[in-house]
Amino acid sequence: MIKAIALGNNFLLTAIASSFLCWLASLHHSLLLFVQALFALKLIVSASAWLLDDAIIAILKIDLLQFRFRLIAATIGALVGAGVMLCRS
Amino acid sequence: MSLLKVSILSLSGLTLWLAPPFIFSRKIPLHNFLQGVTLASGFACCFEARRCALGHAKAEEFEALKEAAINADAVDEISTSVYVSEQQRRNEAELLIASTSDRELLERALALSSEEDETENVQLAENADSELQERILQLQARGYGKAKIILEIWGVSKGGSPKYKAAEAEYKRVLGEA
């Protein structure tokens, strides 16, 4: 139960961070570019992590399934966070 | 208590994340600023909730490990006591068997000693008979008759007395053996 809450909070942290970045992007045009660059960087890092998963799990010493779950959760969290801020009034 | 705190913090974070973007307008500067503040607060709430949850999970794991260690200790102690009592029983049984064998040895030794006594008695009797027989033969060689020999050896004069009869029977037995 407590571990599930911790995992849920991980997801919430990613989503809130993504929403915060979107809020920052809405403040100024240069911040928008900065946030776009950050999301692009995040995309590149995620893609690299998918490709280099064997090497990364050896470094992090975690299970492959757990690593993929974290990657997917982080991607979905970022998308949900950005989606919330895009759908706001 | 910790679970309640974690739950409340998580719900607060979720609310602070989802509610303001749909309540406040982004066109009003104050609302926009408040959205940023609530997002930061929501992030802080979720961060604290995650920290507490991980700490609680670690404490639970530690408690589980401690309980497992206590159970393992108890099982080890029980098995040790069972082993010790089994060894004690085995030692007692071995002592009992050893004492039984000692008893058997003593009985055997006693039986052997009584057999030796009997043989000694038989030997003594045989020696006495041979001495008596030799004495009788010496007296016969001197020309003594039966009545005189009985009188000489057993001190009983001739007659119908039971003592004389017993002496006569002994005289005949000793000579009969020869």
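Axes here are lines fitted to C-alpha atoms, for helices over the stretch in contact, and angles run from 0 to 180 degrees between N-to-C directions. The model is predicted: local features need pLDDT of at least 70, side-chain atom pairs count only at pLDDT 80 or more, and totals for chains, interfaces and linings use all residues. Residues are numbered from 1 along each chain as its sequence is written, and chains are lettered from A and ligands numbered from 1 in the order in which they are written.

**Stop 1: helices 1 and 2 of chain A**

Select helix 1 of chain A and helix 2 of chain A (residues 29–51): their axes come within 6 Å and cross at roughly 150 degrees. Helices (H or I, at least four residues) and strands (E, at least two) are DSSP runs, numbered from the N terminus. Angles under 35 degrees count as roughly parallel, over 145 as roughly antiparallel, 65 to 115 as roughly perpendicular and the rest as oblique; helix 1 and helix 2 of chain A are therefore roughly antiparallel to each other.

Now show the residues that make the contact (C-beta atoms, placed from the backbone, within 7 Å). Helix 1 of chain A contributes A:Leu21, A:Cys22, A:Leu24, A:Ala25 and A:Leu27, and helix 2 of chain A contributes A:Leu31, A:Leu32, A:Val35 and A:Leu38. By class they are 9 nonpolar, no polar and no charged. Ala, Val, Leu, Ile, Met, Phe, Trp, Tyr, Cys and Pro count as nonpolar, Asp, Glu, Lys and Arg as charged, and the others, Gly among them, as polar.

**Stop 2**

Move to helix 3 of chain A, residues 53–60, where the count of buried residues among its 8 residues is 0. A residue is buried if 20 or more other C-beta atoms lie within 10 Å of its own, exposed if 12 or fewer, and partly exposed in between, with C-beta atoms placed from the backbone.

Next select A:Lys61, in the loop between helix 3 and helix 4 of chain A. A:Lys61 has 6 C-beta neighbours inside 10 Å and so counts as exposed. Its phi is near 55 degrees, a positive value in a residue other than glycine. Most residues other than glycine have a negative phi.

**Stop 3: where chain A meets chain B**

Colour the contact between the chains, which takes 20 residues from chain A and 27 residues from chain B. On the chain A side, helix 1 (2–27) and helix 4 (64–86) each supply at least two residues. Helix 1 of chain A gives the largest share, 16 residues. The chain A side has 12 nonpolar, 6 polar and 2 charged residues.

**Stop 4: the largest nonpolar core**

A nonpolar core is a set of buried Ala, Val, Leu, Ile, Met, Phe, Trp, Tyr and Cys residues joined through C-beta atoms within 7 Å. The largest has 24 residues, of which A:Ile16, B:Cys46 and B:Ala49 touch the most other members. Two or more residues come from each of helix 1 of chain A and helix 1 (2–23) and helix 2 (29–141) of chain B. Helix 1 of chain A gives the most, 11 residues.

Centre on A:Ile16. Beyond its neighbours within four places in sequence, A:Ile16 is in contact with A:Gly81, B:Gly13, B:Trp17, B:Leu39, B:Gly42, B:Phe43 and B:Cys46.

**Stop 5: chain B and B:Leu16**

Chain B has 4 helices and 0 strands. Of its 178 residues, 13% count as buried.

Finish at B:Leu16, in helix 1 of chain B. B:Leu16 counts as buried, with 21 C-beta neighbours inside 10 Å. Not counting residues up to four places away in sequence, B:Leu16 touches B:Thr38, B:Ser41, B:Gly42 and B:Cys45.

Conventions
Two residues are in contact if their C-beta atoms, placed from the backbone, lie within 7 Å.
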